[in-house]
2 protein chains.
Amino acid sequence: MSQPTDDAAILDLIARWTEAICRGDLEGVTADRVEDIVMFDVPEPLQERGIEAYRRTWGLFFAHTAAGPARFRVEEVNIESSDQVAFAHGLLRIGGDQAHCRLTLGLRKKNGRWWVTHEHHSMPAQLG
Amino acid sequence: MSQPTDDAAILDLIARWTEAICRGDLEGVTADRVEDIVMFDVPEPLQERGIEAYRRTWGLFFAHTAAGPARFRVEEVNIESSDQVAFAHGLLRIGGDQAHCRLTLGLRKKNGRWWVTHEHHSMPAQLG
């Protein structure tokens, strides 16, 4: 069964992660990610596999955005958890702009703590 | 604990869904979705909430693509499941083109069967 503590632990993980992004702290950003994370990022390429590729995406993001509390915020967070697998989704406010990106996280609990195994960030396409 | 039967049931759900999309069968496409599904679709808007909005996104897709087995294929499917919550991700080949979209599904088991509560479809942005 899912427990309130699982949702709370995942909310806390998301809060630590967003604070690390806002500071530009790559160690904090990657702290709760598995080695073989599969990342679908906002810009190309189609997918990034592995923690080194994941880390590079954040280096690029830090080079193009200003550090501070408005850099990266997650809104309308919804979590569905069991005691082993969970996912979360929300909307992203980047640089203080109106929310214009979407976030989905996939998580697995190992050795009593939660790890992110999959991330999907995107901006909706403006189709003609 | 997750069971091999959970992964198999989710793979089967994805297969039924993609076959319904290829046929243009809206009843089949929406069959395993919850009433309050949250959909992040490839085109705008930022998010769609509820089964009626979800159904409309597929009506639009059907109007712009040709029915047939190449209409919508999911590749490189990866599933993480427990006995209650699961997520899956993969790449999308649409209309026979090279994979150029990404898919993440969030699922919950209710009354002994799996339901999709969240979908995130996207195309990577070409940033300048």
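Student: Which residues touch the most other members of the largest nonpolar core?
Tutor: Bearing in mind that this is a predicted model, the largest nonpolar core has 54 residues, and those that touch the most other members are I10(A), A86(A), I10(B) and A86(B).

Student: And what is I10(A) in contact with, leaving aside its neighbours within four places in sequence?
Tutor: Beyond those neighbours, I10(A) is in contact with I79(A), S81(A), A86(A), A88(A), L107(A) and W114(A).

Student: Where does helix α1 of chain A lie?
Tutor: Helix α1, residues 4-23 of chain A, lies across β3, β4, β5 and β6 of chain A, and runs at about 160° to β3(A). Helix α3 of chain A, residues 51-64, also packs on the sheet, where it touches β1 and β2 of chain A, its direction making about 55° with that of β1(A).

Student: OK, the sheet itself: what's the strand order in chain A?
Tutor: The six strands form an open sheet in the order β2-β1-β6-β5-β4-β3, with mixed pairing. β2 (48-49) and β3 of chain A stand at the edges with a single partner strand each, so one side of each has no neighbour in the sheet.

Student: Switching topic, how many residues does each chain bring to the contact?
Tutor: Chain A brings 36 residues and chain B brings 35 residues. On the side of chain A that touches chain B, β4(A) gives the most, with five residues, and by class that side has 15 nonpolar, 15 polar and six charged residues.

Student: Why do the copies meet through the same surface?
Tutor: They do so because 97% of the interface residues of chain A are also interface residues in chain B.

Key
Residues numbered from 1 in each chain as written. Chains lettered and ligands numbered in written order. Predicted model: local features only at pLDDT ≥ 70, side-chain atom pairs only at ≥ 80, totals over all residues. Core = buried A, V, L, I, M, F, W, Y, C linked by C-beta atoms within 7 Å. Buried ≥ 20, exposed ≤ 12 C-beta atoms within 10 Å, placed from the backbone. Contact = placed C-beta atoms within 7 Å. Helix = DSSP H or I, 4+ residues; strand = E, 2+ residues; numbered from the N terminus. Nonpolar A, V, L, I, M, F, W, Y, C, P; charged D, E, K, R; others polar. Pairing = 2+ DSSP bridges. Axes fitted to C-alpha atoms, helices over the stretch in contact; angles between N-to-C directions.
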